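Colleague: Could you walk me through this one, please? I would like to start with how its parts sit together.

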Amino acid sequence: LNRRLAEFGTTIFAEMSALAVRTGSINLGQGFPDTDGPEEIREAAVRALRDGRGNQYPPGPGVPELRTAIAAHQERRYGLTYDPDTEVLVTAGATEAIAAALLALLEPGDEVIALEPYYDSYAACIAMAGGTRVPVTLRPYEGARDGVAYRHFRLDLDELRDAVTDRTRLLLINTPHNPTGTVLTREELTAIAELAVERDLLVVTDEVYEHLVFDDAGHLPLATFPGMRERTVTIGSAGKTFSFTGWKVGWVTAPRELVSAVRSAKQFLTYVASGPFQYAVAEALHLPDSYFADFRADMLAKRDLLASGLERAGFKVFRPAGTYFITTDIRPLGESDGFAFCRSLPERCGVVAIPNAVFYDHREQGAPFVRFAFCKRTGVLEEAASRLKTLA
Ligand code: PMP
Ligand code: GLN
């Protein structure tokens, strides 16, 4: 293994999912739903397979039906217009979109600012592209809102501004944010946009959890802010929005030159992927608003179920405004090392979780935090909560 990749080892998701299987534990580690997406969309995939649509190499940018549906979704939801022929690119999941964007846009030595903790592929892809990552740490914050205790991880805008140097090429943003569940606010996004414009930076924004925002949080795409559309590569994924993580259908929307650059890299990564599934996802993107509302309501109920269970078990809970992850602090349980905690948890109570430290360069900052996924059936979450209660 070369020096660029040596530090990354095996992804924590593979390690922890294997541990779950080996120990027969409930897997609240890797983020994937235990219920597949809509029946009618599965049927659409079967129809495409049967009718011979997508069984051979689809077009490089993605099938026209899907590109049109992605553009229509961005317009209907956010008022963002993209030309389906030149400003939309279908990728093998958001994972390939991230890789292709970084490989296409970075010169060796360019600095990339990423919000820490960050999704693990960011660091590896920045390294593969020869870039240098510059983490800006989201800090735990406890306050009150409307008289109710409120905890979340917060971006320090001064730290963000101070992180920009003459070598900064790109801001890599993620909202709603994995693993903390933070949803960046209008004020934070405005400041990020102003900084990008002032310093003439590109922005790659990973918005795969765009439909998973709760309470009074709302998802605001960075590309909608002044001066941003022209410099922003936005990434989405059918895996998260429609609960088909195995289909690996993701996408990029951006101005023509940026899409063209990302496509230059993408053509040598997978060339194309997921032929028949692309047709099915095109149908999914046209589902009525009620699909998205029901999906969100269902996940909100699951969030509250698991959050309450974790609280009863003695964890300090950061109730997320978005995503399907809950970050917890394990110190009230008398623990301080999330890695050791997660490695022993299956044996202690038959549950698997992810140590947030893997998402940090400053590992010590992430040490006491542990992430649980709640995209699971109610009975599974109840069982997990009752197992975790035995820790208290
Ligand atoms: N970005 C984030 C923030 C994620 O959490 C994930 C996976 N859960 C991805 C990208 C990858 O998405 P995909 O499965 O579409 O490759
Ligand atoms: N994104 C998912 C998570 O954060 C897992 C993706 C993966 O396994 N690579 O859990």
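Modeller: Gladly! Domain bounds here come from an automatic or database domain assignment. This is a predicted model, where local features need pLDDT of at least 70, side-chain atom pairs count only at pLDDT 80 or more, and totals for chains, interfaces and linings use all residues. Residues are numbered from 1 along each chain as its sequence is written, and chains are lettered from A and ligands numbered from 1 in the order in which they are written.

Colleague: Thanks! How far apart do the C-alpha centres of domain 1 and domain 2 lie?

Modeller: The assignment gives domain 1 as 3–30 + 290–389 and domain 2 as 39–287. Between their C-alpha centres the distance is 23 Å.

Colleague: Which element gives the largest share of the side of domain 1 that touches domain 2?

Modeller: Contact is counted when C-beta atoms, placed from the backbone, lie within 7 Å, and 30 residues from each domain take part. Helices (H or I, at least four residues) and strands (E, at least two) are DSSP runs, numbered from the N terminus. At least two residues each come from α1 (3–6), α12 (289–312), β12 (325–329) and α14 (363–366). With seven residues, the largest share belongs to α12.

Notes. Two residues are in contact if their C-beta atoms, placed from the backbone, lie within 7 Å.
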